[in-house]
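Have the viewer open as you read.

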Amino acid sequence: LTWSKEDTISASFSGFSGGYETDTAGERIIMDGRVDSVEVNITSPEFGGAVNLAGWDMKVNRKRDESGLYLGTSRGEVDQFSLTTAGKPALVMNDVVQSDLVSLDGDGINMALKYRIGSVNYGADKLGSLDLGLTLSRINPGALVELGRLYNGLVFSLGDGAPEQAQLDQFEALFRQLLDDHPRVSLDNFVLKTANGESRLNLGVDLGLSTELSKALSEVEPEDVIQALDAKLVLSKLMLKDVVRYRALFDPTVDQSTVEQEAAMIAEMAGAMAEMFQLGRVEGDNIVSQLSYANGAITFNGQAMELEELMGLLARK
């Protein structure tokens, strides 16, 4: 497909090629496909630029479980995506990948999601890359299916007025059922890389609801639901310097030596302030901060404290 309008905008689409396979009951879904390219070019006096996508592949392989959930994998991958504006270098993302795996074991449903951008370039300069991994585990499959059905029913019935109390009671009962299995949410891997540094964040949260808790869910506080939490942030001062240097990259008129001085000053200031306000400690070229919570006890950067102390410490930043 090609399309244009008055010599100011044009677009082209290579087409989609793929295959789809299922059975009469819809128990199994297998799909794969590819788009070679999508291009949009704008040459109007007000704005000139282009958007290009090259090599978009997708795959799905799902099988419906007895609970009604579709288990299996999916994956989408873009070889390159670029954005160009007139007079500026192209902003290019390479090897953009999204994948997921949904499985069922004795603890319930597990969902693993992964995202990756292999590299982000601005013209000939590489800005960095991103990796992210998220896991949901110990999810009650029956409660999840019923919650989905109830939610869809509530959404479609909103035009008929407010939800009935019986529906809200059912929603709360199903949500409590989910929490009874102590689900876990994990940010297993969140990594940002630049030319000289790498920062990462890991976070795990165990959820649950005390059987003695008689509050309505609308009255429940976060500490009533969060049973345990572990978090670690490693912030690279070298990465901070690279981010400040982007200023000169995006604005060539800026003095390079001035930007270098700013980069060094901001990186050192970040470390000094983290230690001054007890928000982290400096370990070599990294600023490290750790938080753990279990059974009502909090440890922040190796120091035991009450929740009120932590909130006060964060409020002083």
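Is the crossing of α1 and α2 left-handed or right-handed? The crossing is left-handed, a term used when the near helix is turned anticlockwise from the far one by less than a right angle, with clockwise being right-handed.

## About the model

This is a predicted model, where local features need pLDDT of at least 70, side-chain atom pairs count only at pLDDT 80 or more, and totals for chains, interfaces and linings use all residues. Residues are numbered from 1 along each chain as its sequence is written, and side-chain values use heavy atoms, leaving out hydrogens and water.

## The helix pair

Helix α1 (residues 141-156) and helix α2 (residues 165-180) pack at about 155 degrees, their axes 9 Å apart. That makes α1 roughly antiparallel to α2 (angles over 145 degrees). Helices here are DSSP runs of H or I with at least four residues, and strands are runs of E with at least two. Axes are lines fitted to C-alpha atoms, for helices over the stretch in contact, with angles from 0 to 180 degrees between N-to-C directions.

The contact (heavy atoms within 4.5 Å) includes Leu147 and Leu150 of α1 and Phe171 and Leu174 of α2.

## Salt bridges

A salt bridge puts a side-chain nitrogen of Lys or Arg within 4 Å of a carboxyl oxygen of Asp or Glu, and the count comes to 17. One of them joins Asp100 and Arg62 at 2.7 Å, N to O. Asp100 lies in strand β7 (residues 91-105) and Arg62 in strand β5 (residues 48-64), so this pair ties together parts 38 residues apart in sequence.

Elsewhere, Arg34, Asp36, Asp57 and Asp79 are linked in a network of salt bridges.

How values were computed:
Parallel < 35°, antiparallel > 145°, perpendicular 65-115°, else oblique.
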